[in-house]
Amino acid sequence: MAERIEQRLEDRVPELEQLERVGLFTRREIRAVLRKASALEYKIQRRALRKEDFINYIQYEINLLELIKKRRARIGYSFKKDEIENSILHRVHCLFNRATGKWKDDVQLWLSHVAFCKQWNAKHQLSKVFSSMLAIHPNKPALWIMAAKWEMESQLSSESARHLFLRALRFHPESPKLYQEYFRMELMHAEKQRKEKKEFEQAKMDLGEFSYSEEILNGEMARIIYRDAAQKIKGVEFHLAVLSIAKLFDFTQDLQKEILESLQTKYADDPLTWDYMARRELELGSLQSTEHTTKQMKVSEMTQREERCCAVFEEAVRAVPTEDMWKCYITFCLERYNRKTNSEELKQKRLERTLSVFNKAHESSLLPEALYKQWLQLLLESNLSEKAVEVAEAATKRFSLSVEMWQMRLQVLIQLKSGDVTQCFEEAVKHVKSKGTLPLWALWVEWSEGTNSKEDTEALYQRSLHATTPAESVTMKEKYLDWTYRNGGYKKVKRVFTSLCENRPFSLDFFRKMIQIEKEQESCKMLNLREYYERALREFGSTDSDLWLDYIKEELSHPQGKPENCGSIHWRAMKMLQGDLVEDFVSKYTLLQTGHL
């Protein structure tokens, strides 16, 4: 092993000599490079190889290349690159090859090699990397696409890119993304040939026997790919994706028409088809000259376009009366409403249209639950309070078991300072099952704190503890404790804490809150702190090492503390803590003893 490492270090000598000779590195720096290289070489020649060692070595060499590049720029020296950089580049490629050969499944390692080749313009090497990577990872479409894009965009070889896509489709015959990118590549190739032909014609050059195929120029290859894909891939999303790609090229009108007809034939009942057809009306605007158009004309034209969109959507919700279809319609209306405009008239029309569509969907009982909240926000923003209350009530009737709907209705009533809040809360907890009602109770007590008397609020807190599930009551206990301290003082909170401790479960924050309250008192008693810590440790002593450490710190720092108790607390912690928590506790306890914690 030593002989091999010595040989590798000797191979470095010519490049290092050149670095010193041309003044890029000093003799001292050359020695430092040799020492570091020797240490890194030993690590990658061991029997038990580690990926991190290869990565560190590669990173070191890349950093060295970057340093050489900066120093060349600083002194303005650009010669001897073959003897210096190329030697390092070759070594980095060899390291990457060894690493990817050993850890073949690590895709990130392969991609790092690809990125390195691109950065240093190693085209020949990159071609080899892609070949090896795809032979080992043929099951990843994204890698095939990456390789094909490189061939097309960097190597300017549409033939190689096409060959890669065809190979990829043998492994993934139903991959939408592969077909989309292959379709895009063929259209890019057609566009490139059209530009070439146009330039030749403008230059009046004689092309001899060479001629451009009209079929390829018109995107026939892309049409064949689309037809093949359409037979294998089902779903409107693929057709829409392909159509959006075709629209990027100005010579694909016939192809777009074919995709659109296929979309309307095969997926006439799909909401996404109707959504696309409606939004398309926005793009089919006036083609007249815009030089002399006034602001009013622009507003009028935009209004007409949006009305055409809505006409298609109206037809859609009649043809496909589903929640998804209404959702598409409402989403479009909200998007248009949220667009900035200086025209108050246009903004008002958009608002009226959006509220009208919400109302129609609601009357059809096809408004999705999630959209009621947006409707209410819009009504409140528009100061339509009565309508908001009416809508919120209707929403809870339709979705009577939904906590979110009741919460939304209550928030509307609270915001409007209605007198029906208590009645609505009572109605909500009656309809909704106990599981999941925590948000309702939290909202209720929060509202009560600012509205009702202390006695009513306390009664509500106590009622909430019995009405919620045991797991949810934990949060209510924390809130109850905090409220009692703010409104009843220390003696009251101590009584409440004792009564709450009679019923499990508890949270760690519940105990920590009580410990914090005790510490805030002028006459903070260690006896009380011990009681709270002991209660907390009974519940969480086996799962929280920090609790034991805090207990020890308290005994050490409190005026009434007993440092001699720390030994027994440590012994108990070691017995109770589980798994890795013991090691965590020991390390932190050591830091505490040495004054570093």
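Begin by selecting helix α1 (residues 2-21) together with helix α4 (residues 85-102), whose axes lie 10 Å apart and cross at an angle of about 150°. The two helices, α1 and α4, are therefore roughly antiparallel to each other. Display the side chains along the contact: Arg8, Arg12 and Glu15 of α1 meet Ser87, Ile88, Arg91 and Arg98 of α4. Please bear in mind throughout that the structure on the screen is a predicted model.

**Cysteines**

Next, select the cysteines. The count of disulfides is 0. A disulfide is a covalent bond between the sulfur atoms of two cysteines. Start with cysteine 94, whose closest cysteine sulfur belongs to cysteine 117; at 12 Å, this is too far for a bond. Cysteine 94 is partly exposed, with a relative accessibility of 34%. Then move to cysteine 328, which is likewise in no disulfide, the nearest cysteine sulfur being that of cysteine 333, 11 Å away. Cysteine 328 is buried, because its relative accessible area is 13% and the limit for this class is under 20%.

**Aromatic pairs**

Now select the aromatic residues, among which 27 aromatic pairs are counted. Centre the view on phenylalanine 313 and tyrosine 329, a stacked pair with 4.9 Å from centre to centre and 10° between the planes. This pair links distant parts of the chain: phenylalanine 313 belongs to helix α15 (residues 295-319) and tyrosine 329 to helix α16 (residues 323-338), and the two residues are 16 residues apart. Are these two residues buried or exposed? Phenylalanine 313 is buried, with a relative accessible area of 0%, and tyrosine 329 also counts as buried, at 2% relative accessibility.

Proceed to tryptophan 441 and tryptophan 444. Their ring centres are 5.0 Å apart and their planes stand at 20°, so this pair is stacked. Here both partners lie in helix α22 (residues 438-451), 3 residues apart, which is about one turn of the helix. Both tryptophan 441 and tryptophan 444 are buried.

A further selection shows a group of rings: Phe497, Phe506, Phe510, Phe511, Tyr532 and Phe540 form one aromatic cluster.

**Lysines over rings**

Which residue lies over the face of tryptophan 120? Select lysine 69, which is placed over that face at 5.8 Å from the ring centre. A second example is found at tyrosine 337, where lysine 347 lies over the face of the ring, at 4.6 Å from its centre.

**Two glutamates**

Continue to glutamate 458, located in helix α23 (residues 454-467). Glutamate 458 counts as buried, at 18% relative accessibility.

The last stop is glutamate 534, in helix α26 (residues 526-540). With neighbours within four places in sequence left aside, glutamate 534 is in contact with Tyr551 and Arg572.

Technical notes:
Residues are numbered from 1 along each chain as its sequence is written. This is a predicted model: local features need pLDDT of at least 70, side-chain atom pairs count only at pLDDT 80 or more; totals for chains, interfaces and linings use all residues. Side-chain values use heavy atoms; hydrogens and water are left out. Rings of Phe, Tyr and Trp (its six-membered ring) pair if their centres lie within 6.5 Å; planes under 30 degrees apart count as stacked, over 60 as edge-to-face and the rest as tilted. Helices (H or I, at least four residues) and strands (E, at least two) are DSSP runs, numbered from the N terminus. Buried means under 20% relative accessible area, exposed over 50%, partly exposed in between (1.4 Å probe, protein chains only). A charge sits over a ring if NZ of Lys or CZ of Arg is within 6 Å of the ring centre and within 35 degrees of the ring normal. A disulfide is a pair of cysteine sulfur atoms within 2.5 Å. Axes are lines fitted to C-alpha atoms, for helices over the stretch in contact, and angles run from 0 to 180 degrees between N-to-C directions. Angles under 35 degrees count as roughly parallel, over 145 as roughly antiparallel, 65 to 115 as roughly perpendicular and the rest as oblique. Contact means heavy atoms within 4.5 Å.
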